[in-house]
Amino acid sequence: MGTGLFVQKVSKVFKEKAVLHDIDLTVHPGEVVLLKGPNGSGKSTLVHLISGVYRLEMGDIRVDGISLREEPRRAKAAVTTVFQETLFDPLHSPLQALSLHTRFYGARWSRKQIQQILEEF
């Protein structure tokens, strides 16, 4: 089992507007965390930073001891995120969409592995 998730002094600014400021968060292996707050409070921004969708500019995020700042490909490969929005292009099949999504995170799943996952659902 890994060492968990550590968010240290993470801040994010969009167009000179601070969305997150000096966020610290520790999640231990097996722990479940709920991010709750009003629209625009930075919940999705934090998740996008942890998963590597947004570039980390201030602070650091460590996933199982791997720094997102120092080793972004390795850190992103250790994170799985299910977003609330539909991210798939309707022109792609679920197999194609998952193949694209896994490559974004640095995973190298075979077509057969993805098909097995799809069959489970």
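Four strands form an open sheet in the order 2-1-3-4, with antiparallel pairing. Strand 2 and strand 4 (66-67) are the edge strands, and each pairs on one side only. This is a predicted model: local features need pLDDT of at least 70, side-chain atom pairs count only at pLDDT 80 or more, and totals for chains, interfaces and linings use all residues. Residues are numbered from 1 along each chain as its sequence is written, and side-chain values use heavy atoms, with hydrogens and water left out.

Two terms come first. Helices (H or I, at least four residues) and strands (E, at least two) are DSSP runs, numbered from the N terminus. Two strands pair if DSSP finds at least two bridges between them. Strands of a sheet pair through backbone hydrogen bonds, either parallel or antiparallel.

Now walk across the sheet. Strand 1 (residues 5-14) and strand 2 (residues 17-27) run antiparallel, joined by seven bridges. Lysine 12 has leucine 20 in strand 2 as its bridge partner. The two strands form a hairpin with two residues between them. Strand 1 also runs antiparallel to strand 3 (residues 58-63), through five bridges. Here phenylalanine 6 has arginine 62 in strand 3 as its bridge partner. Strand 3 is joined to strand 4 by two bridges, again antiparallel. Arginine 62 stands opposite serine 67 in strand 4.

What packs on the sheet? Helix 1 does, touching strand 1, strand 2 and strand 3. Contact means heavy atoms within 4.5 Å. The direction of helix 1 makes about 120° with that of strand 1; axes are lines fitted to C-alpha atoms, for helices over the stretch in contact, and angles run from 0 to 180 degrees between N-to-C directions. In helix 1, Thr45, Leu46, His48, Leu49, Ile50 and Ser51 are buried. Buried means under 20% relative accessible area, exposed over 50%, and partly exposed in between (1.4 Å probe, protein chains only). The cover over these buried residues includes strand 1, strand 2, strand 3 and helix 2 (72-77). Just after helix 1, glycine 52 takes a positive phi of about 85°.

Next comes the largest nonpolar core, which has 16 residues. Such a core is a set of buried Ala, Val, Leu, Ile, Met, Phe, Trp, Tyr and Cys residues joined through side-chain atoms within 4.5 Å. Leu5, Val7 and Ile61 touch the most other members. Strand 1, strand 2, helix 1 (43-51) and strand 3 each give two or more residues to this core. Leaving aside neighbours within four places in sequence, valine 7 contacts Ile23, Asp24, Leu25, Leu46, Ile50, Asp60 and Ile61.

Look at the backbone too. Most residues other than glycine have a negative phi. Lysine 9, in strand 1, has a positive phi of about 55°. Lysine 9 is partly exposed, at 48% relative accessibility. Lysine 15 sits in the loop between strand 1 and strand 2, and its phi is near 45°. Is lysine 15 buried or exposed? Lysine 15 is exposed, with a relative accessible area of 86%.

One aromatic pair remains. Rings of Phe, Tyr and Trp (its six-membered ring) pair if their centres lie within 6.5 Å; planes under 30 degrees apart count as stacked, over 60 as edge-to-face and the rest as tilted. The rings of phenylalanine 14 and tyrosine 54 have centres 5.4 Å apart and planes at 75°, so this pair is edge-to-face. Phenylalanine 14 lies in strand 1 and tyrosine 54 in the loop between helix 1 and strand 3, so the pair ties together parts 40 residues apart in sequence.
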